[in-house]
Amino acid sequence: MEELNRRMKDRLGEIREEDDQDADAPFGFFCECSDIDCRLRIDIRPRHYEAIHRDSEQFVLVPGHEVPAVERVVDQEDGYLIVRKIA
């Protein structure tokens with residue numbers, strides 16, 4: 001599910017750039033938690049989002065949406081968490 005969300009967000013970023021908007025202005029990406037019904041958004045700059053996802057095991061979540069049994073928090077930013085999946 002997280003991978004599907006990431007692909008959707010990538011496409012949203014492309015659309016945003018096509019609209020000639022500031023490519024580094026915060027954008028409302030969907031929370032990448034494991035709850036398939038979650039539709040909460042996280043405002044994050046696209047460049048930071050891309051940097052986080054250079055590691056394919058990292059995801060961006062709304063605080064409180066992490067599941068300690070399958071992921072661990074590696075960083076906390078203003079309004080969101082960065083988690084890494086546990087192998």
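**View 1. Glutamate 32 in the loop between S1 and S2.** Glutamate 32 is placed in the loop that joins S1 and S2. Helices (H or I, at least four residues) and strands (E, at least two) are DSSP runs, numbered from the N terminus. This is a predicted model: local features need pLDDT of at least 70, side-chain atom pairs count only at pLDDT 80 or more, and totals for chains, interfaces and linings use all residues. Residues are numbered from 1 along each chain as its sequence is written, and side-chain values use heavy atoms, with hydrogens and water left out. Glutamate 32 has a relative accessible area of 0%, so this residue is buried. Buried means under 20% relative accessible area, exposed over 50%, and partly exposed in between (1.4 Å probe, protein chains only). The side chain of glutamate 32 makes a polar contact with the side chain of tyrosine 49, at 2.8 Å. Another polar contact joins the side chains of glutamate 32 and histidine 53, at 2.9 Å. A polar contact is a pair of N or O atoms within 3.5 Å; within protein, one must be able to donate a hydrogen and the other to accept it, and residues adjacent in sequence count only if both atoms are side-chain atoms.

**View 2. The aromatic cluster of Phe27, Phe29 and Tyr49.** These residues form one aromatic cluster. Rings of Phe, Tyr and Trp (its six-membered ring) pair if their centres lie within 6.5 Å; planes under 30 degrees apart count as stacked, over 60 as edge-to-face and the rest as tilted. The count by this rule is 2 aromatic pairs. Phenylalanine 27 and phenylalanine 29 are edge-to-face, because their ring centres are 5.0 Å apart and their planes stand at 70°. Phenylalanine 29 and tyrosine 49 are stacked, with 4.1 Å from centre to centre and 5° between the planes. Phenylalanine 29 lies in strand S1 (residues 27-30) and tyrosine 49 in helix H2 (residues 46-52), so this pair ties together parts that are 20 residues apart in sequence. Phenylalanine 27 is buried at 16% relative accessible area. Phenylalanine 29 is buried too, at 3%.

**View 3. Strands S1 and S2.** S1 and S2 pair in the antiparallel sense over 4 bridges. Two strands pair if DSSP finds at least two bridges between them. Glycine 28 has aspartate 43 as its bridge partner in S2. Which residues of S2 are on its covered face, and which on its uncovered face? Ile42 and Ile44 are on the covered face, Arg41 and Asp43 on the uncovered one. In a regular strand the side chains alternate between the two faces of the sheet.

**View 4. The largest nonpolar core.** This core has 17 residues, and Cys31, Ile42, Ile44, Ile52, Val60, Leu61 and Tyr80 touch the most other members. A nonpolar core is a set of buried Ala, Val, Leu, Ile, Met, Phe, Trp, Tyr and Cys residues joined through side-chain atoms within 4.5 Å. Two or more residues each come from S1, strand S2 (41-44), H2, strand S3 (58-61) and strand S5 (80-85). S5 gives the largest share, 4 residues. Beyond its neighbours within four places in sequence, tyrosine 80 is in contact (heavy atoms within 4.5 Å) with residues including Asp43, His48 and Pro63.

**View 5. Valine 74 in strand S4.** Valine 74 lies in S4 (residues 71-77). With a relative accessible area of 32%, valine 74 is partly exposed. Leaving out residues up to four places away in sequence, valine 74 touches Gln58, Ile82, Val83 and Arg84.
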